[in-house]
Amino acid sequence: MAEADGVSARSVPPYLREAELIKQGAEARVYRIRFLGKSAIVKERFPKRYRHHVLDEKLTRRRTAQEVRSILRCRKAGIAAPVVYFVDLSTNCIFLEEIADSITVREHIAAAQASGQSVESLHHLAEKMGRVLAKMHDEDVIHGDLTTSNMLLKPERSGDLPLLLIDFGLSFVSALAEDKGVDLYVLEKAFLSTHPNTETLFQKLLQSYTAASKKAPAVIKKLDEVRLRGRKRSMVG
Amino acid sequence: MHLSSGLELFPEFVVTQLLFKDVKNCAELRKMAMEGKIAGALINPSMVLDPFQTLLAANKAVHVQKIGKMKTRSLYSEIIFNLSPTNNISEAFKRFGISDNDNAVLIVLVHNKEEAYNKDDVLSKADGQQIPADQMSTLSDLAKIKKLYKVAPQEEKCGSVLDAVICRMAAKDVV
């Protein structure tokens, strides 16, 4: 135990020792810190001690790099995602812009439902989500973990409400309709279980996705297939 | 006039930025820097949009120096290298360092918090007019920056040119 403590203490970068921990997941810890005079978010992929350390180091580094690549790829296409300030590959930490005064789409929908707003009032948002995801898939970026908690809304003074995608930790690049279909399937599952009675809202999202992307018909066809069999492909036969 | 910023990740260090225009001795300054007589990075200010851009380059330079992964020979050349979107060192010096017939220079110094750095020394060497470092954007060449960092118009829909530049600087070892 003493040894384990020693190792984990050593693996934490000094600058995170006094940082404010805001989230702990299975893959990473998320902190809020001051960085070069700005408020920033640090995502630290900590070592997993149950994996062989060489394999662990390889996987962790690859995922850190992939997350940064996907953010850059999205931003280049005009899809809003947090700015990457700095990458520390020696500790697998990514320093990101903090999206101040934003709320998650999850919070937004829950608040709208709690205040008794009609589902129709959220159609505009669902259409925006569909358009953004269509654009992302047209760039062959598969997010890998689409949920309404991984989408942020940042109200702007101009009255605009841009939608930002966050947490590209499980993302990868693929042109396959299968992967895009699974991406949407994961969102559908998360969406409908988080937000009851929103089937029509998700339909709106898919309609706008279809209208926004030329490649959508193949993806929706795959989505129908995936719905019948689940996220994982059958390897029987 | 100058701008001093602490590095939260390396609390022992401070980065100071000094900006000069109408500089008459860029060739001489460049020679001094190459001979190690100026302990600072001499940067072409037309390639810089904001002090935050150079601060990020300095932060990364200190970081790679600490972990022993510098790609160039000194901390100061590393700052210039970090500004570049590519891993080509001579290209980075050509674009982001100063040339003999430039007439403006941004000097970036990294010094110890306690140790009073030799600002007067730098001030005496640059034959030009010092202007406030936060007026950097008045000297930047936006068109050239967009071209070099390959910032397409659609990217400006989701953020500023500075955001685009910063992302490329941060991501260049992983792409």
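The interface comes first. In the predicted model, 26 residues of chain A are in contact with 23 residues of chain B. The size of an interface is often given as the accessible area lost when the parts come together. Between chain A and chain B, the buried area is about 2,300 Å². Carbon and sulfur atoms give 71% of that area.

One salt bridge is found between chain A and chain B. Its partners are A:Arg75 and B:Asp163, whose closest N and O atoms are 3.9 Å apart. Three elements of chain A each supply at least two residues of the side that touches chain B: strand E2 (29-35), helix H2 (53-76) and strand E4 (84-88). The largest share comes from H2(A), with six residues. By class, the side of chain A that touches chain B has 17 nonpolar residues, six charged residues and three polar residues.

Chain A contains an open sheet of five strands. The strand order is E1-E2-E3-E5-E4, and the pairing is antiparallel. Strand E1 (20-24) and E4 of chain A form the edges, each pairing on one side only. From one strand to the next, the twist averages 25°. Within this sheet, seven bridges join E2(A) to strand E3 (residues 38-44) of chain A in the antiparallel sense. A:Val30 stands opposite A:Lys43, a residue of E3(A).

A helix of the partner chain lies on these strands. Helix H2 (residues 51-66) of chain B lies across E2, E3 and E4 of chain A. The helix runs at about 5° to E4(A).

Salt bridges also occur elsewhere. Over all chains, the structure holds 28 of them. Side chains of opposite charge can pair when their charged atoms come close. One salt bridge joins A:Arg32 and A:Glu20, with the closest N and O atoms 3.1 Å apart. A:Arg32 lies in strand E2 of chain A and A:Glu20 lies in strand E1 of chain A, so the pair ties together parts that are 12 residues apart in sequence.

Chain A also has an open sheet of three strands. The order here is E6-E8-E9, again with antiparallel pairing. Strand E6 (103-104) and strand E9 (163-165) of chain A are the edge strands. Each of them pairs on one side only. Strand E8 (residues 151-153) of chain A is joined to E9(A) by three bridges, and the two strands run antiparallel. A:Leu153 has A:Leu163, in E9(A), as its bridge partner. Helix H4 (residues 123-138) of chain A lies across E8 and E9 of chain A. Helix H4 of chain A runs at about 40° to E9(A).

Technical notes: Residues are numbered from 1 along each chain as its sequence is written. Chains are lettered from A and ligands numbered from 1 in the order in which they are written. This is a predicted model: local features need pLDDT of at least 70, side-chain atom pairs count only at pLDDT 80 or more; totals for chains, interfaces and linings use all residues. Side-chain values use heavy atoms; hydrogens and water are left out. Contact means heavy atoms within 4.5 Å. Buried area is the accessible area (1.4 Å probe) that two parts lose on being put together, summed over both. A salt bridge is a side-chain nitrogen of Lys or Arg within 4 Å of a carboxyl oxygen of Asp or Glu. Helices (H or I, at least four residues) and strands (E, at least two) are DSSP runs, numbered from the N terminus. Ala, Val, Leu, Ile, Met, Phe, Trp, Tyr, Cys and Pro count as nonpolar, Asp, Glu, Lys and Arg as charged, and the others, Gly among them, as polar. Two strands pair if DSSP finds at least two bridges between them. Axes are lines fitted to C-alpha atoms, for helices over the stretch in contact, and angles run from 0 to 180 degrees between N-to-C directions.
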